[in-house]
Amino acid sequence: MAIAAEIGQANEKSNHGGDEQHIDNKSDNIQSAFAAASMRKMLEEIRLAQANAELSRFQLLRRLDSLKTRRNFELGESAIAALNGIRAYFHHCSDLTQS
């Protein structure tokens with residue numbers, strides 16, 4: 001009977017140690033799941049930041065292209081106005097010499 005009692009006590013100790021190991025495994029699983037979730041969240045934030053940076057870059061390039069087009073238009077308009085002024089000057093000179 002004493003041997004059976006010792007075996008029972010040994011089983012209780014091993015079961016109790018098994019419960020602690022099971023709890024440690026659960027804790028490790030929870031920690032790894034938490035780490036994976038935080039990694040996913042961080043990756044999602046990085047992806048969102050990259051998308052916002054791409055959008056800002058696209059908007060900047062579109063604005064620069066718009067300014068370049070406007071500059072070229074204004075230069076062309078100024079050149080046409082200058083040529084029109086020269087044409088008017090020579091037309092006026094032509095009228096003066098012919099009359």
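Visitor: Is Arg57 buried, exposed or partly exposed?
Guide: This is a predicted model. The relative accessibility of Arg57 is 45%. Buried would require under 20% and exposed over 50%, so Arg57 is partly exposed.

Visitor: Which side chain does Arg57 meet in a salt bridge?
Guide: A salt bridge needs a nitrogen of Lys or Arg within 4 Å of a carboxyl oxygen of Asp or Glu. For Arg57 the N to O distance is 3.1 Å.

Visitor: What is the N to O distance between Glu74 and Arg70?
Guide: Glu74 and Arg70 are 4 residues apart in helix 1, so about one helical turn separates them. Glu74 is partly exposed, at 39% relative accessibility. Their side chains meet in a salt bridge, with an N to O distance of 3.4 Å.

Visitor: Glu45 and Lys41 also meet in a salt bridge; which of these two residues is exposed?
Guide: Both lie in helix 1 (residues 2-98), 4 residues apart, and the N to O distance is 3.9 Å. Glu45 has 47% relative accessibility, so Glu45 counts as partly exposed. With exposed set at over 50%, the value of 55% puts the other residue in that class: Lys41.

Visitor: How many salt bridges are counted?
Guide: Side chains of opposite charge can pair when their charged atoms come close. By the 4 Å rule, the count of salt bridges is 4.

Note on methods: Residues numbered from 1 in each chain as written. Predicted model: local features only at pLDDT ≥ 70, side-chain atom pairs only at ≥ 80, totals over all residues. Heavy atoms only, no water. Helix = DSSP H or I, 4+ residues; strand = E, 2+ residues; numbered from the N terminus. Buried < 20%, exposed > 50% of the residue type's maximum accessible area, 1.4 Å probe, protein only.
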